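Biologist: I have a structure open here and would like to go through it with you. Can we take it piece by piece?

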Amino acid sequence: MINQTLTKMSSFLVMDILERAQELEKQGKNVIHLEVGEPDFCPPSAVKEAMAKAIADNFTSYTHSQGILELREALVDYYQVNYGVDLEPDQFFITQGTSPALLMVLNLLLNPEEEVILTDPCYACYPNFVLAAQGRIKTIPIYPEQNYWIDPDHLSNLVGPKTKAMLLNSPANPTGTILPKQNLEEIANLAYEKNFFLISDEIYHGLVYQDKANSLLEITKECFVLNGFSKLFAMTGLRLGFLISPLKFVPILRKMAQNFFICANSIAQKGALAALKCQREIQEMVNTFAQRRIFLLKGLKELGFTLKVIPQGAFYVFCPAHHLTQKFNNSSLLLAKDILEKTGVGLTPGIDFGPRGEGFLRFSYANSLDNIQEGLDRLANYINTWT
Ligand code: PMP
């Protein structure tokens, strides 16, 4: 019998939608992809050049298990410049994307049955990571009426003897909202008082259009931060991320990195090093996302969608669609499937992000203005014809 924990793992619904969309494309149908959380840009050309050079130079051997020192030193500078925090290269673990970094930190912290607090809604894969590390999930609801911030009193009541960690994500997937510094401070104080760990997934940092996203490291050094090159640097398939850990956990994490992964891809590490120097290209991408965000928000409003909270970061709009899911037994999955079949627009069903996401649709604006416009036109037609 296989590991029974894994039989409880849910599928990542956005991938189900994407796979069906790809089938339709193979049949010759045109699909507008507003479901995937992946920049439609190429990495900056300096990244491609650095990677080509790495291959030409035969930079193809295993690297240090924590990643090449040059890249970790560059990340130390990046955190100093962008957040004013002093870190050491030894605190960084370069991983094959943020996902393995999360796997490492959860396996580091969790004994069987210990709890991790997740928000509802949250990134669809988090619960499955916790399950795979033999942990239990406790959820704290977050509400659009409260900007999806975390209520410290509620959190305080939720923490029990088995609570080991809480996972934060700001700017958040799927809501696009940012936790203000004060909220992060309240959570950090509680974690200190009640003795649980904080893991902050900061993969959408830099993709901020309104207000400011603080790194949890600006508030406490006693936390784990996950970040990576997939989103801001448009390097999803190159698979490069990192974990920042308090120094005291580095020896055991290093053993994990050595055993589980040996090291991250050597060529992608050279690419990431170049990416950190591409401020101008990165800013251009951020400006384009900013434009698309305004465009999509306006278009959704014109279609009759009402948002209680305006997303400030990432590249998502988490949109209440209860008036449309009504017809589908309140199922956002059935609605998203119906929209895909009838209009060729891919959207992510809110239920992917937890029970409180039901009735919502997540729109990704990691697509061109023309495609967003076409998607909105098709949706307008759908609403007029089918509802
Ligand atoms: N965290 C969040 C919130 C995400 O949305 C994603 C990707 N969709 C990841 C982590 C994983 O990203 P990667 O492994 O590509 O770094």
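Biologist: Which helix is Thr 325 in?

Modeller: Thr 325 belongs to helix α12, residues 322-325. Keep in mind that this is a predicted model.

Biologist: Is Thr 325 buried or exposed?

Modeller: Thr 325 has a relative accessible area of 0%. Buried means under 20%, so Thr 325 counts as buried.

Biologist: What does Thr 325 touch?

Modeller: Not counting residues up to four places away in sequence, Thr 325 touches Asn 330, Ser 331, Ser 332, Leu 335 and Gly 359.

Biologist: New topic, the sheet with β9 in it. What is the order of its strands?

Modeller: The order is β9-β12-β11, in an open sheet of 3 strands with antiparallel pairing. β9 (316-320) and β11 (348-349) are at the edges with a single partner strand each, so one side of each has no neighbour in the sheet.

Biologist: How many bridges join β11 to β12?

Modeller: There are 2 bridges between β11 and β12, and β12 covers residues 360-364. Pro 349 stands opposite Leu 361 in β12.

Biologist: And which helix packs on the sheet?

Modeller: Helix α13, residues 332-343, does, and it touches β11 and β12. The direction of α13 makes about 50° with that of β12.

Biologist: Let's step back. What domains is the protein divided into?

Modeller: Domain 1 is 4-42 + 280-384, and domain 2 is 45-277. Their centres, taken over C-alpha atoms, are separated by 25 Å. The contact takes 36 residues from domain 1 and 39 residues from domain 2.

Biologist: What area is buried between them?

Modeller: About 3,200 Å² is buried between domain 1 and domain 2, and carbon and sulfur atoms give 61% of that. On the domain 1 side, Gln 312, Phe 353 and Arg 356 supply 22% of the area it buries against domain 2, more than any other three residues.

Biologist: Now the largest nonpolar core. Which residues touch the most other members?

Modeller: Of its 98 residues, those are Leu 71, Tyr 79, Met 166, Leu 198, Phe 229 and Phe 363. Helix α11 (residues 279-302) gives the most to this core, with 7 residues.

Terms used
Residues numbered from 1 in each chain as written. Predicted model: local features only at pLDDT ≥ 70, side-chain atom pairs only at ≥ 80, totals over all residues. Heavy atoms only, no water. Pairing = 2+ DSSP bridges. Helix = DSSP H or I, 4+ residues; strand = E, 2+ residues; numbered from the N terminus. Contact = heavy atoms within 4.5 Å. Axes fitted to C-alpha atoms, helices over the stretch in contact; angles between N-to-C directions. Core = buried A, V, L, I, M, F, W, Y, C linked by side-chain atoms within 4.5 Å. Buried < 20%, exposed > 50% of the residue type's maximum accessible area, 1.4 Å probe, protein only. Domains from an automatic or database assignment. Buried area = accessible area lost by both parts, 1.4 Å probe.
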